[in-house]
Amino acid sequence: MRWSLSFFLFGFLAAVHALSSSGNRLLVVLEDASEKDSFSMFWSDLEARGYNLDFQSPKSDQLSLFELGDRAYDHLLVLPPRSKGLGPALSPKNIIDFMDKDGNVLLALSGKSTTPSAISSLLLELDFHLSSDRSSIAVDHFNYDTISATEKHDVLLLQRPGQLRKDTKSFFGGEGVLAFPRTEPHTLGNESPLMAPILRAPATAYSYNPKEGSFSVEDVGVTGTQMALVSAMQARNSARFTLLGSVDSLRDEWFSATVQAPGGKKTETANREFAQQLTAWTFKETGVLKVGTIEHHLAPTAEAPDVELNPAIYRIKNETVFSIEVSEYAHDRFIPFEVPSDDALQLEFTMLSPFHRLDLQPTSRTENSTIYSTQFTTPDQHGIFSFRVNYKRPFLTNLEEKHEVTVRHFAHDEYPRSWKISGGWVWIAGLWSVIGGFLAFVIMWLYSAPAPAASKTKKSQ
Amino acid sequence: MAESPADVLLKGSSGRTSRGLLRIIILATIAAAAVSSRLFSVIRFESIIHEFDPWFNFRATKYLIENGFYSFWDWFDDRTWHPLGRVTGGTLYPGLMVTSGVIYHILRFLTIPVDIRNICVLLAPAFSGLTAFAMYLLTCEMTASPSAGLLAAAFMGITPGYISRSVAGSYDNEAIAIFLLVFTFFLWIKAVKNGSIMWGALTALFYGYMVSAWGGYVFITNLIPLHVFVLLCMGRYSPRLYISYTTWYALGTLASMQIPFVGFLPIRNSDHMSALGVFGLLQLVAFAEFVRGFIPGKQFQRLLTASIVIVAGVAVVGLTALSMSGVIAPWSGRFYSLWDTGYAKIHIPIIASVSEHQPTAWPAFFFDLNFLIWLFPAGVYMCFRDLKDEHVFVIIYSVLASYFAGVMVRLMLTLTPIVCVAAAIALSSIIDTYVFASEGPSPQSTASDENSSSEGLRSTRGPNVGISSYLSKIIMTSSVVVYLLMFVAHCTWVTSNAYSSPSVVLASRLPDGSQFIIDDYREAYYWLRQNTPQNAKIMSWWDYGYQIGGMADRPTLVDNNTWNNTHIATVGKAMSSREEVSYPILRQHDVDYVLVVFGGLLGYSGDDINKFLWMVRIAEGIWPDEVKERDFFTARGEYRVDDQATPAMRDSLMYKMSYHNFQNLFQHGQAMDRVRNSRLPADTPQLSTLDEAFTSENWIIRIYKVKDLDNLGRDHISATAFDRGHKKKRATKKKGPRVLRTE
């Protein structure tokens with residue numbers, strides 16, 4: 001069954017253009033092959049978007065993320081295993097190496113079973129924290145599905161997330177209600193700027209261990225909105241890692257289930273759209289920025305309209321123009337990148353510390369890119385500077401551009417000549433009057449010697 | 001024999017022209033000897049630039065040849081002092097490079113294509129020949145004896161004190177500066193003697209050349225005014241003095257101000273104030289002389305006293321006011337360190353850290369000058385015998401230079417010329433007395449007259465025992481010859497053993513006596529050149545900056561120019577701090593590779609661990625709270641690298657880089673550092689922010705690559721711990737209130 005499907009998919013999808021900006025080889029790690037059918041809508045959605053799915057059991061001998069030292073897959077999707085771990089091929093180190101080589105990972109957890117310690121230590125390395133027993137679920141007595149979880153209150157009903165902050169783009173928004181059954185919640189480390197929550201638990205939710213029947217009181221911080229149900233992390237090389245707390249939310253039954261919040265109306269879940277958004281973002285169909293050409297040059301003046309492009313050396317106090325072309329990948333093509341309204345793309349002109357930090361303004365737009373530029377005067381300090389554009393925002397791939405240029409001092413013939421400085425006229429006048437006076441004196445001396453007096457002195461000597 | 005040419009010269013039996021010809025031949029021979037004795041290193045190793053500073057001069061010369069004079073003049077060097085850069089064209093003495101460039105272009109014009117490297121390597125020996133000639137001229141001005149000049153030229157040609165800075169490959173400013181120094185002094189003496197504007201102007205011209213070539217020009221700037229001042233004090237004012245000094249000062253100051261690095265220093269810096277002061281004083285004295293001709297003696301006395309008081313008062317007040325207001329720059333630190341040998345160690349460790357700025361050990365005088373050092377006082381004494389203007393100059397020069405040579409090793413160089421002059425005067429006087437006396441009519445003939453005429457006193461009847469006897473002549477001349485031969489042997493030995501090592505290439509002897517070349521420096525620099533990007537920034541201690549720039553052609557953070565103490569201290573701090581402190585510094589300065597010199601395997605004592613305390617001291621000067629020298633000494637005050645080393649020492653980046661993986665060369669626990677002669681701890685230091693990139697054959701140079709930030713945003717210690725297989729422990733409960741995450 002699987003083989004025939006794979007072949008079919010291969011033959012069919014080879015012709016289809018992949019949607020992801022970084023490849024279409026997707027490895028799905030699924031321990032129990034029989035479970036595969038319960039996600040059929042999810043798989044078919046992925047296949048329809050051009051992914052080449054390869055289902056492997058974590059116990060399989062052939063499973064390897066790498067081939068000849070290079071990535072064998074572009075993306076990795078891990079469903080929670082029943083057994084104690086994910087096996088040697090998917091050790092935390094291998095998964096981190098996979099990310100170091102620009103591979104994207106979507107890891108789903110389940111509140112039904114205890115999360116293996118291997119996954120927990122991988123998450124710890126990325127600064128995601130699970131509860132210490134690794135088998136808690138999120139419970140909320142105010143936002144639960146009254147139809148399926150009347151007793152346990154463990155199917156959370158949530159609005160789809162909007163903007164995380166004012167300066168970020170929203171990739172997961174939309175109408176509808178999300179159902180998150182049996183979610184293992186997690187918290188995010190405080191220090192890492194690389195991670196961002198996609199979907200946070202409601203303020204009334206808390207973490208509960210159904211086996212022990214107790215609250216996870218050991219850490220009172222793991223309640224309410226501090227708990228995340230879905231989170232994202234982007235490594236510095238922009239490899240994406242998404243942690244999904246509830247694998248059940250991807251199942252067919254929840255893709256179009258009818259749910260009802262306490263005191264609410266019956267509605268259809270929007271899980272299917274959300275799963276699409278989530279996979280689209282994780283597998284780099286959205287939120288991918290690309291830098292096109294970067295140009296810097298002297299501002300053209302009336303005397304010198306033609307300027308050299310990207311010179312290696314400037315002089316202090318030069319008028320300089322910098323421009324950068326940025327495009328954003330949206331599902332199947334590059335579109336012009338628009339900076340969110342509360343945000344700015346900034347240019348730094350740096351030597352050890354920034355001498356200028358300027359907002360780049362969009363000056364022109366092509367079919368699939370925006371050109372941002374700014375003009376400034378190089379500082380009155382020579383040295384090796386760099387133009388830096390450092391734009392790192394949650395859910396957008398990192399832009400980090402650094403172009404080194406030298407800023408030199410004035411050459412000896414670039415200062416204004418002495419007579420052009422009006423303050424110097426006094427000295428110039430003094431100079432020439434001394435020279436003139438000396439010459440006049442010499443001439444006078446030479447032609448005014450009295451002849452008879454000279455002979456007289458000779459005699460006296 | 002030494003006598004025969006001298007005889008020919010002195011007897012007067014030969015004509016004037018043939019004596020002149022002979023003199024030229026002798027001078028040419030001396031020049032040839034001077035050049036050839038400097039070629040040991042080229043013959044033994046190869047035609048290579050030596051040491052550290054010459055590598056910069058060589059690089060600058062190549063830049064001059066490639067880009068022309070004007071772009072050299074305006075050169076902004078973006079490959080040193082990253083990221084500050086260096087206004088190189090305005091902060092160097094261009095004389096050396098321009099000289100080589102001119103020679104290069106002349107040779108090209110004559111269609112003799114010579115590689116610029118060979119010109120640079122052989123420039124110093126070529127100029128040493130000229131120095132010998134200039135020394136001949138200078139000494140001839142001092143004494144009537146014709147042999148003194150030749151002797152001085154010969155001494156100057158081969159004395160190790162001068163050879164130490166002018167062997168082939170030692171392409172440093174001193175290579176041409178000593179010639180200019182001697183020649184300027186010759187011209188000055190000539191100017192004072194003749195009172196001629198022409199000689200004064202020539203002095204100024206060569207003084208200008210000297211200023212463009214070496215920072216030691218300040219020596220001339222102060223010595224000539226001092227000479228004039230002493231002459232004035234001796235009541236030897238003359239129009240000759242007035243003409244020569246004013247000509248020299250006016251033209252020379254203008255000439256020196258044309259060098260961008262000097263600029264307005266001659267009128268603003270305290271080091272140059274004596275020249276200006278003497279210039280003013282000379283005007284006053286001249287005016288007083290002029291007035292004396294018109295006013296009767298008594299009134300003149302009164303007038304003189306009054307005007308001296310007024311002028312001195314105005315001068316003192318004015319100088320103080322200008323110094324206080326900062327118009328005149330205060331004395332530089334290097335100047336203070338000349339008077340107080342402990343000054344640099346306290347206030348400017350960067351100056352004290354240079355070995356050639358250390359006070360001289362007394363054997364060095366004999367080592368560098370051999371028998372000249374004990375002829376030197378005799379020569380100075382002889383100058384006192386007929387104290388003409390030029391002899392006063394010799395005396396002042398010798399007093400000053402002796403003091404300076406005692407303070408700083410490198411100033412032995414300025415002492416050498418005057419030692420040669422004085423020694424030549426003394427020795428020629430001995431030779432003249434003994435050799436010339438036999439020809440003269442006086443003692444022997446009178447003695448024989450007495451013998452024949454009268455059987456007078458008994459004492460006078462015996463055989464001649466005075467200086468005119470053959471016995472005494474033979475004893476004296478042969479002992480002088482023996483001394484001269486020993487001098488030649490000593491000079492050759494010193495030159496060949498002590499001063500002919502390029503220090504880029506080291507040589508040692510294997511047990512069987514064959515030579516073993518240690519070429520680690522070049523191996524490492526070529527590795528950098530071929531394996532790193534053109535723009536990779538290399539951090540190393542400043543000693544190696546010029547070599548990395550010259551041989552590896554990579555940008556460096558600091559180099560031997562040492563113009564920015566803070567930047568050097570930053571490197572020192574990075575080297576002497578823990579990795580967590582150093583890494584942000586490395587990142588901020590865009591460092592790609594770190595280079596350290598380690599001699600522990602071979603017993604090469606000039607390595608970075610031995611220089612380490614200077615790094616610590618210099619860093620402590622800027623960050624006294626973060627780097628403390630005390631932390632690198634054990635409780636008993638020892639500087640140790642073994643398992644009793646202090647924690648600060650063992651955690652420092654320098655220690656870790658030096659000994660990283662070193663223990664793996666030995667059996668467990670047997671690792672020995674052969675420089676410090678100590679057994680190292682059994683475990684090799686762990687580096688988490690750096691990766692070993694290259695280690696040279698004998699481990700002298702070790703190069704580390706700076707890791708990028710961790711991809712997952714972890715710190716490097718936990719990242720490397722994870723890579724080694726340690727699992728992260730669940731974050732332990734932090735004390736204090738839990739911080740909530742906000743977006």
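Select residues 310-448 of chain A. UniProt lists this span, in an unreviewed entry, as "domain: OST48 middle". UniProt positions follow the numbering used here, feature names are shortened, and annotations may be inferred rather than shown by experiment. Over residues 310-448 of chain A, 17% is helix and 46% is strand. The end C-alpha atoms of that span are 68 Å apart. Helices (H or I, at least four residues) and strands (E, at least two) are DSSP runs, numbered from the N terminus.

Before moving on, a note on the model. It is predicted: local features need pLDDT of at least 70, side-chain atom pairs count only at pLDDT 80 or more, and totals for chains, interfaces and linings use all residues. Residues are numbered from 1 along each chain as its sequence is written, while chains are lettered from A and ligands numbered from 1 in the order in which they are written.

**Chain A by domain**

Colour chain A by its domain assignment: domain 1 (2-282), domain 2 (288-408) and domain 3 (418-460). These bounds come from an automatic or database domain assignment. Now show the contact between the two. Domain 1 of chain A brings 15 residues, and domain 2 of chain A brings 13 residues. Two residues are in contact if their C-beta atoms, placed from the backbone, lie within 7 Å. On the domain 1 side, β15 (228-234) and α6 of chain A give two or more residues each. That side divides into seven nonpolar, four polar and four charged residues. Here Ala, Val, Leu, Ile, Met, Phe, Trp, Tyr, Cys and Pro count as nonpolar, Asp, Glu, Lys and Arg as charged, and the others, Gly among them, as polar.

**Two backbone stops in chain A**

Go to A:K284, in the loop between α6 (271-282) and β19 (288-298) of chain A. Its phi is near 60 degrees, a positive value in a residue other than glycine. Most residues other than glycine have a negative phi, and most peptide bonds are trans. Is A:K284 buried or exposed? A:K284 counts as buried, because 22 C-beta neighbours lie inside 10 Å. A residue is buried if 20 or more other C-beta atoms lie within 10 Å of its own, exposed if 12 or fewer, and partly exposed in between, with C-beta atoms placed from the backbone.

Next, A:L68. Look in the loop between β3 (66-67) and β4 (70-71) of chain A. A:L68 is not a glycine, yet its phi is positive, about 55 degrees. A:L68 is exposed, with 5 other C-beta atoms within 10 Å.

**Across to chain B**

Select the contact between the chains. Chain A puts in 31 residues and chain B 24 residues. On the chain A side, α3 (92-100), α4 (117-125), β27 (383-391) and β28 (399-408) each supply at least two residues. The chain A side divides into 13 nonpolar, twelve polar and six charged residues.

Chain B has 33 helices and eight strands. Of its 743 residues, 41% are buried. Take the contacts in chain B between residues at least 6 apart in sequence: 71% join residues at least 24 apart.

**Stops in chain B**

Zoom to B:P83, in the loop between α4 (53-73) and α5 (95-109) of chain B. The peptide bond joining B:H82 and B:P83 is cis, with omega about 0 degrees.

Move to B:L282, in helix α14 (residues 273-292) of chain B. B:L282 counts as buried, with 20 C-beta neighbours inside 10 Å. Which residues does B:L282 contact, leaving aside its neighbours within four places in sequence? Select B:V228, B:Y242, B:Y245 and B:T246. Then pick B:P225: 57 residues from B:L282 in sequence, and 9.9 Å away, C-alpha to C-alpha.

Now helix α20 (residues 372-385) of chain B. Its 14 residues reach 20 Å from first C-alpha to last, close to the 20 Å expected at 1.5 Å a residue. The expected span is 1.5 Å times one less than the number of residues. Show the buried residues of α20(B): B:L372, B:L375, B:F376, B:G379, B:V380 and B:C383. Look down the axis of α20(B): the buried residues fall within an arc of 150 degrees, so they line one face of the helix. The arc is that of the directions from the helix axis to the C-beta atoms. The face of α20(B) turned away from the buried side carries exposed B:F384 and B:R385.

Last, residues 538-587 of chain B. UniProt annotates them, in an unreviewed entry, as "domain: STT3/PglB/AglB core". The span is 58% helix and 4% strand, and its end C-alpha atoms lie 12 Å apart.
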